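Please open the structure in the viewer and keep the selection tool at hand.

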Amino acid sequence: MARDLVSASTQFLSAGSAPVTAAPLTLAGWAYRNTDIEAGAAELVANANPADGQFFVRFQAGGAVRARARSVAIGTAETSGTLSTATWGHIGGVFGSTTSRFAYLNGTASAEE
């Protein structure tokens, strides 16, 4: 599902209800790393309510991409490659089931976690 960013703020997009609350799902987007970022500086989130299950794709400090699923247990996959500063990159997370997730940076997948 794609969403248009039509808002007074171009910093984020929020929906009143979660479009997806369980795997399988994919989160993907483009991000620009303009400085040495802190963890979470660019983040894609499906469902911010932990009771329903959460799915995140975010930058880690240093530019690695992490895909994390959290409900009762937390599972995390992280890329070994990093995004250089002053660079656009395609980031993503593929959540196949409650026990299978991959993080992606520019088409390169992490190990399955």
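A search of the whole structure finds 1 salt bridge, a term that denotes a side-chain nitrogen of Lys or Arg within 4 Å of a carboxyl oxygen of Asp or Glu. To see this salt bridge, select Glu78 and Arg66, whose closest N and O atoms are 2.7 Å apart. The pair links distant parts of the chain, with Glu78 in strand β5 (residues 74–78) and Arg66 in strand β4, 12 residues apart. Glu78 counts as partly exposed at 35% relative accessibility, and Arg66 is partly exposed as well, with a relative accessible area of 21%. Here buried means under 20% relative accessible area, exposed over 50%, and partly exposed in between (1.4 Å probe, protein chains only).

A note on the model is in order. This is a predicted model, in which local features need pLDDT of at least 70 and side-chain atom pairs count only at pLDDT 80 or more, while totals for chains, interfaces and linings use all residues. Residues are numbered from 1 along each chain as its sequence is written, and side-chain values use heavy atoms, with hydrogens and water left out.

Next, display the whole chain as a cartoon. The protein has 0 helices and 8 strands; helices (H or I, at least four residues) and strands (E, at least two) are DSSP runs, numbered from the N terminus. Of its 113 residues, 32% count as buried.

Now select Leu27, Phe55, Val57, Phe59, Val65, Ile91 and Phe95. These residues have the most contacts inside the largest nonpolar core, which has 15 residues. Such a core is a set of buried Ala, Val, Leu, Ile, Met, Phe, Trp, Tyr and Cys residues joined through side-chain atoms within 4.5 Å. At least two residues of this core come from each of β1 (25–33), β3 (54–59), β4 (65–70), β6 (87–97) and β7 (100–105).

Proceed to Ser100, which is found in strand β7. Is Ser100 buried or exposed? At 12% relative accessibility, Ser100 counts as buried. Leaving aside residues up to four places away in sequence, Ser100 touches Val94, Phe95, Glu112 and Glu113, where contact means heavy atoms within 4.5 Å.

Finally, turn to the surface and select Trp30, Tyr32 and Trp88. Together they form a nonpolar patch with about 430 Å² of accessible area. Patch members have over 30% relative accessible area and no salt bridge; like charges are joined within 9 Å, and nonpolar side chains (Val, Leu, Ile, Met, Phe, Trp, Tyr) within 5 Å. Trp88 lies in strand β6 and is exposed, with a relative accessible area of 55%.

Notes: Areas by Shrake-Rupley, 256 points an atom, 1.4 Å probe, with all protein chains shown as cover.
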